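Dear colleague,

I am passing on the structure we spoke about, together with some notes on its cavities and charged pairs. Please read the notes with the structure open beside you.

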Amino acid sequence: MKRLIIFLFALSFSLLAGAQELALSTNVADYADMGTLNLGGEYGFARRWSAVAGFKYNPFSFADGDYGTKRSRQQLYSAGLRFWGWHIFSGWWLSGKLQYQEYSQSGLKSRRSEEGDRFGGGLAGGYSYMLAPHLNLDLGLGFWAGYGKYVVYECPDCGRMIDSGKKFFLLPNDLSISLSYVF
């Protein structure tokens, strides 16, 4: 048992000592989606691999005369891995992740309101430009697919349900123009 603990400690120390890079980022493009707040974290654990995690949050509603209340509320959590073609935090990358989203949308295309939960996985790709020693600009594009439950209401405030169900989906995701600070 003692040898196992020493081996696991030595293995973790060697993995952490090999690449101690951490980055925090925010996607500027998400703020255009009705002020969606977001934050991502990334940890480089090998020369070409990093672990990524992030969240998005939008609690905002806006009054609109045409369709009533406009909102694109959501809370989204994701975690995954990113493969870098050359070195972490520099150049081309591909990523895969698992994701959960709780959402409520209304007034974007009609008076109808839809809310629900989605579970799934996503793939994305992009490029990271090094602007300064600790500042990167990441450009990326991706999609995600999975399974979701939803409820559709006639209007955001009336509460008259007109549809509900469960379905598979394939949606665009991760149009990213992100600023990253690399520690």
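K97 and D174 form a salt bridge, with 2.7 Å between the closest N and O atoms, and this pair links distant parts of the chain, since K97 sits in strand β6 and D174 in strand β9, 77 residues apart. Please bear in mind that this is a predicted model. K97 has a relative accessible area of 17% and is therefore buried, and D174, also listed at 17% relative accessibility, counts as buried too.

By the rule applied, the count comes to 4 salt bridges. Another of them joins E42 to R82, where the closest N and O atoms are 3.4 Å apart; because E42 lies in strand β2 and R82 in strand β5, the pair ties together parts that are 40 residues apart in sequence, and both E42 and R82 are buried. D30 and K56 also meet through their side chains in a salt bridge (3.4 Å, N to O), which connects the loop between β1 and β2, where D30 lies, with strand β3, where K56 lies.

Turning to the cavities, a search of the whole structure finds 2 of 30 Å³ or more. The largest holds about 490 Å³ of space, and of the 31 residues that line it, those closest to its centre are S25, G40, R82, K97 and D174. By class, its lining has 10 nonpolar, 14 polar and 7 charged residues. The second largest cavity holds about 30 Å³, and E42 is among the residues that line it, as are W84 and F89.

With best wishes

Note on methods
Residues are numbered from 1 along each chain as its sequence is written. This is a predicted model: local features need pLDDT of at least 70, side-chain atom pairs count only at pLDDT 80 or more; totals for chains, interfaces and linings use all residues. Side-chain values use heavy atoms; hydrogens and water are left out. On a 1 Å grid over the protein atoms alone, a cavity is a set of points where a 1.4 Å probe fits but cannot get out, and a pocket is an open set with protein on both sides within 12 Å along at least five of seven lines; lining residues have an atom within 4 Å of a point. Grid points are joined across faces, edges and corners, and a volume is the space filled by probe spheres set on the points. Ala, Val, Leu, Ile, Met, Phe, Trp, Tyr, Cys and Pro count as nonpolar, Asp, Glu, Lys and Arg as charged, and the others, Gly among them, as polar. Helices (H or I, at least four residues) and strands (E, at least two) are DSSP runs, numbered from the N terminus. Buried means under 20% relative accessible area, exposed over 50%, partly exposed in between (1.4 Å probe, protein chains only).
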